[in-house]
Amino acid sequence: IVTLGGNIQAAVFDGSVVIRDLSLRDPLGNFPRLHASIDVQNLDLAQVTSTFSFGMITGRLSGGITDLEMFDWMPESFDARFFTPPGDRSKHRISQRAVTNLSSIGGGSGGGVAAALQGGFLKFFDDFGYDRLGLSCRLANDVCTMGGVLEKDGGYYIVKGAGLPRIDVIGSQKRVAWTRLVHQLGAIMESEIVVA
């Protein structure tokens, strides 16, 4: 077993990431096992989202992953939570594409949101204001228990809108198969289709 006594800290996306409680068992063997926790503070979402083909989001993001357990470099369990930090006064904007992708993660296809964005007066807006956003996933037994920043009618807010026109992203699926979630995220990152 390899255990790191201190923390690993890195400055990324104008914020910080700290890896703590890191331990590795059999890292070069057939069945490596890793345990760690990761703290994320005040990442610049504009920098993060411009790095990937997810859609533009501005604002700050904090949170982290606690009790990450990986076996053969695949996650077995963790408790992840990412959110707008309290008191964040940076500009909060989210693009149509990012709205559609977040809706897809929390509720399936994202088709209802895409249809709403392409029809009516919303199609004339490139982006929208938001109050706060957040997403959580607790992985156990290949199932992610999902959550957001607030509960809403049996679902949860992923994005709580602000201003006019207002758009909220509300997740409806509270339990999602981990393999399906990974597939959805992979499809979003590979997609080159921009919602106009």
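Reader: So, is D127 buried, partly exposed or exposed?

Author: Keep in mind that this is a predicted model. D127 has 23% relative accessibility, so it counts as partly exposed.

Reader: And what does the D127 side chain meet in a salt bridge?

Author: The side chain of R93, with N to O at 2.6 Å. R93 sits in strand 7 and D127 in strand 8, so the pair ties together parts 34 residues apart in sequence. R93 is partly exposed too, at 28% relative accessibility.

Reader: How many salt bridges turn up in the whole structure?

Author: Nine. One of them pairs K174 with E151, where the closest N and O atoms are 2.8 Å apart. K174 is in the loop between strand 12 and strand 13, while E151 is in strand 10, 23 residues away. E151 has a relative accessible area of 57%, so it's exposed.

Reader: Which residues are linked in a salt-bridge network?

Author: R20, D21 and D39. Within it, the D39 and R20 side chains meet at 2.7 Å, N to O.

Reader: Switching to strands: why is strand 11 largely enclosed by the rest of the structure?

Author: Because six of its seven residues, 155-161, are buried. Strand 8 runs antiparallel to strand 11 and is joined to it by three bridges. Strand 12 is also antiparallel to strand 11, again with three bridges.

Reader: What about D153, what's its phi like?

Author: Positive, near 45 degrees, in the hairpin of strand 10 and strand 11, which has two residues between the strands.

Notes: Residues are numbered from 1 along each chain as its sequence is written. This is a predicted model: local features need pLDDT of at least 70, side-chain atom pairs count only at pLDDT 80 or more; totals for chains, interfaces and linings use all residues. Side-chain values use heavy atoms; hydrogens and water are left out. Buried means under 20% relative accessible area, exposed over 50%, partly exposed in between (1.4 Å probe, protein chains only). Helices (H or I, at least four residues) and strands (E, at least two) are DSSP runs, numbered from the N terminus. Two strands pair if DSSP finds at least two bridges between them. A salt bridge is a side-chain nitrogen of Lys or Arg within 4 Å of a carboxyl oxygen of Asp or Glu.
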